[in-house]
Amino acid sequence: AILDALPNAAQVSDFKVSPVEFDKDIDAQMRVVAAVSNLRARNYNIPEADLHTSRGIAGKITPAIATTTAMVTAAICVE
């Protein structure tokens, strides 16, 4: 079984995870993002997206966050 193939905690105690800077223009990173998002899409029965579409969506996330932050800040100032 799959669970039997996993290493136990003692075997991976020195395993370190470090952050990676995301760049939508790096194909290897975008292939992972597109693959994982398509797995999620299949799980929830929503349309899958190709690599080009996923890259477009990823490129809009940061500007959307900045715009939302600016709008909230403006609303607080007006209040």
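Analyst: Happy to; we will go from the overall fold to one residue. This is a predicted model, where local features need pLDDT of at least 70, side-chain atom pairs count only at pLDDT 80 or more, and totals for chains, interfaces and linings use all residues. Residues are numbered from 1 along each chain as its sequence is written, and side-chain values use heavy atoms, leaving out hydrogens and water.

User: How many helices and strands does the protein have?

Analyst: Helices (H or I, at least four residues) and strands (E, at least two) are DSSP runs, numbered from the N terminus. Here there are 3 helices and 0 strands, in the order α-α-α along the sequence. With a radius of gyration of 19 Å, well over the 12 Å from the globule rule for 79 residues, the protein is more spread out than a compact globule. That radius is taken over C-alpha atoms, and the rule is 2.2 Å times the number of residues to the power 0.38. The C-alpha trace spans about 60 × 30 × 25 Å along its principal axes.

User: What share of the residues is buried?

Analyst: Buried means under 20% relative accessible area, exposed over 50%, and partly exposed in between (1.4 Å probe, protein chains only). In this protein, 11% of the 79 residues are buried.

User: Why does Ser54 count as buried, and which residues does Ser54 touch?

Analyst: Ser54, in helix H3 (residues 51-78), counts as buried because its relative accessibility is 6%. Contact means heavy atoms within 4.5 Å. Leaving aside residues up to four places away in sequence, Ser54 touches Met30, Ala34, Ser37 and Ala49.
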